[in-house]
Each structure stands twice: as structure tokens, then as C-alpha cells.
Amino acid sequence: MVKQLITWKLKEHMAANKISVPQMAVKLGVSENAVINLRKSEMPRVNGERLNQIIVALNSMRKKGKKRIQVQDLIVLTFTMDEADEARIHES
């Protein structure tokens, strides 16, 4: 099994803000199936415009008092220890 380097956190942010699939689908102007596919933990193929729409939608529907959601909250880069060591080799 290949470890994912980039993790997509849309599902977690929707859950934390009690945003349903139908609500997000309406806000984005897409089908519920499209939102279900976007919620998978594997990084989806989204262009800049769609990513912007997702961020705007999440922020417009987030719970009162919750901090603003930014791109770096949705896209998380994780390294194994070996990958981190390999990345450091080329730093200087």
C-alpha cells in the first residue's frame, strides 16, 4: 500500500462545521455525488477556481466563532521519517 503524501481534509472541516453534503452541493452548484467524491481523503483534482469556491463555501457556512478556513487547513502534507530525511538531504 502506497502512503499518501498529501491528505485532503474537506470531510473533517465539513463535519466540524456540521455542513451536509446537500448543503455543500447547493453552495458549489454541483451534484451531491460530486461532493461525496470531493470528500474522500485522497487529494482530488481541483483547479484553482474550484479550490477557491470550496474555501469560500466552507467559510460562509462555518459555525459562528470558528476560525476562518484556509487552503493550508484543507491540504496537509505528511512525510514518513524516510521521506523527511530524503527532503533534508537537498537543503542547504
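**A walk around helix α4**

At the start of helix α4, a side-chain oxygen of Asn47 comes to within 3.1 Å of the backbone nitrogen of Glu49. That is a polar contact, meaning a pair of N or O atoms within 3.5 Å, where one must be able to donate a hydrogen and the other to accept it, and where residues adjacent in sequence count only if both atoms are side-chain atoms. Bear in mind that this is a predicted model, in which local features need pLDDT of at least 70 and side-chain atom pairs count only at pLDDT 80 or more, while totals for chains, interfaces and linings use all residues. Residues are numbered from 1 along each chain, and side-chain values use heavy atoms, leaving out hydrogens and water.

Let's step back to the whole chain. Its pattern along the sequence is β-α-α-α-α-α-β-α, with 6 helices and 2 strands. These are DSSP runs numbered from the N terminus: helices are H or I with at least four residues, and strands are E with at least two. Of the 92 residues, 27% are buried, that is, under 20% relative accessible area; exposed means over 50%, and partly exposed lies in between (1.4 Å probe, protein chains only).

Now follow α4 itself. This helix covers residues 48-61 and reaches 20 Å from its first C-alpha to its last, close to the 20 Å expected; the expected span is 1.5 Å times one less than the number of residues. Its buried residues are Leu51, Ile54, Ile55, Ala57, Leu58, Asn59 and Met61. Among the elements covering them are β1, α1, α2 and α3.

What lies inside? The largest nonpolar core has 18 residues, and α4 gives the most to this core, with 6 residues. Such a core is a set of buried Ala, Val, Leu, Ile, Met, Phe, Trp, Tyr and Cys residues joined through side-chain atoms within 4.5 Å. Leu10 is one of the residues with the most contacts inside this core. Not counting residues up to four places away in sequence, Leu10 touches Met24, Leu38, Arg39, Ile54, Leu58 and Leu74, where contact means heavy atoms within 4.5 Å.

Finally, compare two residues. Thr7, in strand β1, is buried, with a relative accessible area of 17%. Its contacts include Ser41, Leu74 and Val76, not counting residues up to four places away in sequence. Lys18 sits in the loop between α1 and α2 and is exposed, with a relative accessible area of 63%. Phi of Lys18 is near 50°, a positive value in a residue other than glycine. Most residues other than glycine have a negative phi.
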